[in-house]
Every structure is written in C-alpha cells, then in structure tokens.
Amino acid sequence: MQDQVDRPRVWDPIVKLTHWGVVAAVIGNALFTEEGSGWHIWVGYGLAGLLVLRLLWGFIGPAEARFSAFPPSPARALAHLGEIRRGEVTRHRSHNPLGAMMAYAIWATLLVIAGSGIAMSGPPPADPAAVSGEGGEGGEGDKGEGGEEREEEEEHEQAALSLGDLIVAPAYADEGGEGGEGGEELFEEMHEIAVNLLYVLIALHLAGVMFETRRSGREIVGAMIPGGNRRG
C-alpha cells in the first residue's frame, strides 16, 4: 500500500498543538465554564481558531499531516477491517483508514459546534467575566460598577441577536418578524445535537486508540505525545 512505512510514525508540533488544544477546549467548556458565559464563548472561539489552523495545515503541512495522506474512503476502511479480522498489522505514515474516517467526522462535528456557537453568541465579550451563562446572575464584574457592566452585557446580547437575524432572516422571513427567535432556537438545537454527537465520537475514538494500541503497540499513542516516537 502507498502509505505503508518502515519507520515509526510521528506527528509534527502543529498537529500535536491543535490536537491537544482542541482536547483542552472541549474539556474546559464541558466541565469548567457555564454555557453561554463569556468564558465559554472565548474558549469556543479558541477552539474554532485551532480547528481552522489544523484544516489549513492539512493543505500546507508536512506529508503526514496533509489530507492527501489520509483521504476519507469507506472502501479502504472496510479493507482495513478485513486486515484486523485476519490479524494483519500494517503501518501507515498517517491515520489508518478507520482513523481517517473518525478524524473527518470529528472535524465536521466541531465545525458545526463552532459555527452554531458563534452564530448564537456573536463577537466574544471584551470582559468574559461580565457575561453570565444561562440561568446565571452575572459575573463578578456586575458588582460595584453594575450599571456599566450591565450595559456592556446588553450590547453584547443585542449584537448576538442581530447576527442571528442576519443569518437566518431569509429562511424565516414569512414568520412575521419571528425569524431571529426561530433561528436562535435552530442554532441552539444544532449546537446541542452536535455536542452530544461529539461526545459519542470521542468515546469511539478513545476505544479505537486503546484497541489499536493493544493490537499494534504503543506507536499510535507515542506519535501524538511530545517527544514520542522520535525518528533516528
């Protein structure tokens, strides 16, 4: 096969940075920020930036990181399943065919999450602590200089609604001015579905990594760890 190699696989620093950066962003927004809060929005923008960098790197990065090294191919994925059943272990210079399908699925889901989140939130707030999440009473910035902070929060909310109206107005123009509200609900539903799908994909990805590590050794994990699988 074209992508078989004799030397250990290793990912370049940009791939490692975007991989672990996205992992940190997903964990941060899932466990440590409140949905809709300023910090949640800023972390979401950071995730979007890392995703854009990785997708750009897929065109201009080293051979192993380019999309041409691991094109999404159901036929190759089925052939790889046949290799697994036969107990064959093949080294790939990049993702194996099943790993490639998973990578594209995760990237597509992250694009939906980032896009719907940005459509709902609008530009990130200047002061993340001044924007509370859903059901919150406001951040620490609301105390003391309450009037000024509340005004900034209202301006941010209005900007988000304006962006939502701009994007979805044509689709909801016949609903008598309720396009913005309907569009916001649509983006919220898309965001929630995509986030839940991402959790499923992450679980499958981790299971696949553990299975492939047991089947072919530690190379798959070492390739993504800084300093792992150094080439001699």
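## Crossing of H2 and H4

In this predicted model, the crossing of H2 and H4 is left-handed. The two helices, of which H4 covers residues 97-121, pack with their axes 10 Å apart and at an angle of about 140°. Because an angle counts as roughly antiparallel when over 145 degrees, H2 and H4 are oblique to each other.

The contact is formed from the H2 side by Ile41, Tyr45, Leu47, Ala48, Leu51, Arg54 and Leu55, which meet Trp107, Leu110, Leu111, Ala114, Ile118 and Ser121 of H4. Sorted by class, the residues of this contact are eleven nonpolar, one polar and one charged.

The buried residues of H2 are Gly38, His40, Ile41, Leu47, Ala48, Leu50, Leu51, Arg54 and Gly58. Among them, Ile41, Leu47, Ala48, Leu51 and Arg54 are also named in the contact with H4. As a general point, an α-helix has 3.6 residues a turn, so residues three or four places apart point the same way.

Ala69 lies in the loop between H2 and helix H3, the latter covering 74-85. With a relative accessible area of 5%, Ala69 is buried, because the cut-off for that class is under 20%. Ala69 and Arg93 are separated by 24 residues in sequence, while their C-alpha atoms are 7.7 Å apart in space.

Methods
Residues are numbered from 1 along each chain as its sequence is written. This is a predicted model: local features need pLDDT of at least 70, side-chain atom pairs count only at pLDDT 80 or more; totals for chains, interfaces and linings use all residues. Side-chain values use heavy atoms; hydrogens and water are left out. Buried means under 20% relative accessible area, exposed over 50%, partly exposed in between (1.4 Å probe, protein chains only). Helices (H or I, at least four residues) and strands (E, at least two) are DSSP runs, numbered from the N terminus. Axes are lines fitted to C-alpha atoms, for helices over the stretch in contact, and angles run from 0 to 180 degrees between N-to-C directions. Angles under 35 degrees count as roughly parallel, over 145 as roughly antiparallel, 65 to 115 as roughly perpendicular and the rest as oblique. A crossing is left-handed if the near helix is turned anticlockwise from the far one by less than a right angle, and right-handed if clockwise. Contact means heavy atoms within 4.5 Å. Ala, Val, Leu, Ile, Met, Phe, Trp, Tyr, Cys and Pro count as nonpolar, Asp, Glu, Lys and Arg as charged, and the others, Gly among them, as polar.
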